Amino acid sequence: LLTTLLLVSTIPAQASVETFSSRMKQIASQIEKKSEVAGITILSLSRRELLYSHNSNILLNPASCTKIITTAAALKLLGPEYRFHTKFYTNQRPVAGKVNTLWVKGGGDPSIVIERLWRIARDIANTGIKHISSDIVIDDFAFEGYKDPGYFEGSSRAYNSLTGAVSLNYNTITVV
């Protein structure tokens with residue numbers, strides 16, 4: 001992608017769409033000669049038109065550099081101070097250290113790892129809860145219906161784990 005961007009940046013601004021499209025076809029064919037697959041869509045923001053499209057309708061795992069664009073958009077939309085939260089609720093105050101049910105409402109916090117889970121349990125215990133007599137109900141519905149655009153069904157790669165509102169250890173587990 002970076003090579004493509006560098007090549008594209010060398011095309012003069014006054015070049016016609018046909019010349020640009022022809023050059024992009026050459027670049028795409030070079031990628032395919034290396035047995036690589038690329039999906040390319042280039043739009044002109046000033047002209048408001050499609051300049052080039054190649055494999056734009058096939059589902060691909062996004063390149064790692066896409067994270068830069070995603071991060072920039074998230075920072076712009078949410079701001080640098082935004083945090084995803086997981087909230088914990090009960091239906092009563094502890095009686096002799098006991099509650100019936102503990103509800104966990106996920107908000108997509110990606111930072112819950114096993115060490116943090118121990119701290120969360122300690123913090124809950126510090127509120128006076130020592131025993132949960134019924135259920136721990138986990139509400140994982142914040143992203144209900146969301147499909148990861150680059151998710152490959154059946155893959156066992158850690159980077160391909162599903163997004164969830166409640167995740168532990170980045171939604172991955174290793175079985176030995």
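Which residue in β5 is the bridge partner of Phe88?

**View 1. Overview of the chain and its elements.** The predicted model shows a chain with four helices and seven strands. Read from the N terminus, the elements follow the order α-α-β-β-α-β-β-β-α-β-β. The chain has 176 residues, of which 21% are buried. Among the contacts in the chain with a separation of 6 or more, 50% are made by residues 24 or more positions apart. The chain exposes about 13600 Å², and carbon and sulfur atoms supply 58% of this area.

**View 2. The open sheet formed by β3, β5 and β7.** Three strands make up this open sheet, arranged in the order β3-β5-β7 with mixed pairing. Its edge strands are β3 (87-90) and β7 (136-139), each of which pairs on one side only. From one strand to the next, the twist averages 20°.

**View 3. The pairing of β3 with β5.** Strand β5 comprises residues 102-105 and pairs with β3 in the antiparallel sense. Four bridges join β3 and β5. The opening question is answered here: the bridge partner of Phe88 in β5 is Val104.

View 4. His54 belongs to strand β2, which covers residues 49-54. Is His54 buried or exposed? The relative accessible area of His54 is 17%; because this value is under the 20% limit, His54 counts as buried. Leaving aside residues up to four places away in sequence, His54 touches Ala28, Glu32, Ala38, Gly39 and Ile40.

**View 5. A nonpolar surface patch that includes Leu78.** Which residues make the nonpolar surface patch of about 410 Å²? The patch is made by Leu77, Leu78, Tyr82 and Phe84. One of these residues, Leu78, lies in helix α3, which spans residues 66-78. The relative accessible area of Leu78 is 40%. Leu78 is therefore classed as partly exposed, since the value falls between the limits of 20% and 50%.

Conventions:
Residues are numbered from 1 along each chain as its sequence is written. This is a predicted model: local features need pLDDT of at least 70, side-chain atom pairs count only at pLDDT 80 or more; totals for chains, interfaces and linings use all residues. Side-chain values use heavy atoms; hydrogens and water are left out. Helices (H or I, at least four residues) and strands (E, at least two) are DSSP runs, numbered from the N terminus. Buried means under 20% relative accessible area, exposed over 50%, partly exposed in between (1.4 Å probe, protein chains only). Contact means heavy atoms within 4.5 Å. Accessible areas come from the Shrake-Rupley method with a 1.4 Å probe; for residues, only the protein chains shown count as cover. Patches are made of residues with over 30% relative accessible area and no salt bridge: like charges are joined within 9 Å, nonpolar side chains (Val, Leu, Ile, Met, Phe, Trp, Tyr) within 5 Å. A salt bridge is a side-chain nitrogen of Lys or Arg within 4 Å of a carboxyl oxygen of Asp or Glu. Two strands pair if DSSP finds at least two bridges between them. Axes are lines fitted to C-alpha atoms, for helices over the stretch in contact, and angles run from 0 to 180 degrees between N-to-C directions.
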